[in-house]
Amino acid sequence: MGPVATLPTVATVCRIDFGSVRLLADDGREFESSVPGRLRGARKALGNAVVTGDRVRLVWDHERVLVEAVEPRRNVFSRRAAGEREVEQVVASNLDQVVIVAAVQRPEFKHGLVDRVLVQCERAGIPSLLVLNKTDLDSRHETEALLAEYERAGVTGLATCAVTGRGVDAVRD
């Protein structure tokens, strides 16, 4: 008889589904868990109560696991929720860095979304990295100018091409 695996008591939320969460234990094991109603919002939805990146404490009942509590978050990446009311929607928590990957062409680079994400990163104190991809399609030679523009604003950027592999290793680092 081999060693008995211990059941984890904490894990990181790696995916949210309709009332359940996918968890990643520190030892690399993944499993599904339920979130009890007392941890949910007023509409009994997960909402901001449990988000991707949260560290959660667990309680086990034989093979079944429940999220018992959410540990304090060190940061949150959020946005204004859809609708008329000004409500914050937390998208993720406990982030080490946000990597924004945008195409130079096909589709054409748009400053708007990139700028909004960068502003939110700055507001939350989360380091960011801008990755401009599809540099092989850059017939107008915009990549370097775009990277220089963002560098002047204090944003680190990389040029990549998934087709040729240019810059991909730098992103992994």
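Across the whole structure, a search finds two aromatic pairs. The model is a predicted one. The points below take up each pair in turn and then move to the other topics.

**The pair of F31 and W60**
- The ring centres of F31 and W60 are 5.5 Å apart and their planes meet at 50°, so this pair is tilted.
- Because F31 belongs to strand 3 (residues 30-34) and W60 to strand 4 (residues 55-61), the pair ties together parts that are 29 residues apart in sequence.
- F31 has a relative accessible area of 13% and is therefore buried, the cut-off being under 20%.
- W60 has a relative accessibility of 25%, so this residue counts as partly exposed.

**The pair of F109 and Y150**
- F109 and Y150 form an edge-to-face pair, with 6.1 Å from centre to centre and 80° between the planes.
- This pair links distant parts of the chain, 41 residues apart: F109 is in the loop between strand 8 and helix 1, and Y150 is in helix 2 (residues 143-152).
- Both F109 and Y150 are buried.

**The largest nonpolar core**
- The largest nonpolar core has 18 residues, of which V98, I100, F109, V114, L130, L132 and Y150 touch the most other members.
- Strand 8, helix 1, strand 9 (128-133) and helix 2 are the elements that give two or more residues to this core.
- Helix 1 makes the greatest contribution to this core, giving four residues.

**The second largest pocket**
- The volume of the second largest pocket is about 270 Å³.
- Its lining is made up of F77, S78, R79, R80, V98, V99, I100, L113, R116, V117 and Q120.
- Strand 6 (76-80), strand 8 (98-103) and helix 1 (111-124) each supply at least two residues of this lining.

**Cysteines**
- A disulfide is a covalent bond between the sulfur atoms of two cysteines.
- A search of the whole structure finds zero disulfides.
- C14 has a relative accessibility of 33%, so this cysteine counts as partly exposed.
- C161 has a relative accessible area of 1% and is therefore buried.

Conventions:
Residues are numbered from 1 along each chain as its sequence is written. This is a predicted model: local features need pLDDT of at least 70, side-chain atom pairs count only at pLDDT 80 or more; totals for chains, interfaces and linings use all residues. Side-chain values use heavy atoms; hydrogens and water are left out. On a 1 Å grid over the protein atoms alone, a cavity is a set of points where a 1.4 Å probe fits but cannot get out, and a pocket is an open set with protein on both sides within 12 Å along at least five of seven lines; lining residues have an atom within 4 Å of a point. Grid points are joined across faces, edges and corners, and a volume is the space filled by probe spheres set on the points. A disulfide is a pair of cysteine sulfur atoms within 2.5 Å. Buried means under 20% relative accessible area, exposed over 50%, partly exposed in between (1.4 Å probe, protein chains only). Rings of Phe, Tyr and Trp (its six-membered ring) pair if their centres lie within 6.5 Å; planes under 30 degrees apart count as stacked, over 60 as edge-to-face and the rest as tilted. A nonpolar core is a set of buried Ala, Val, Leu, Ile, Met, Phe, Trp, Tyr and Cys residues joined through side-chain atoms within 4.5 Å.
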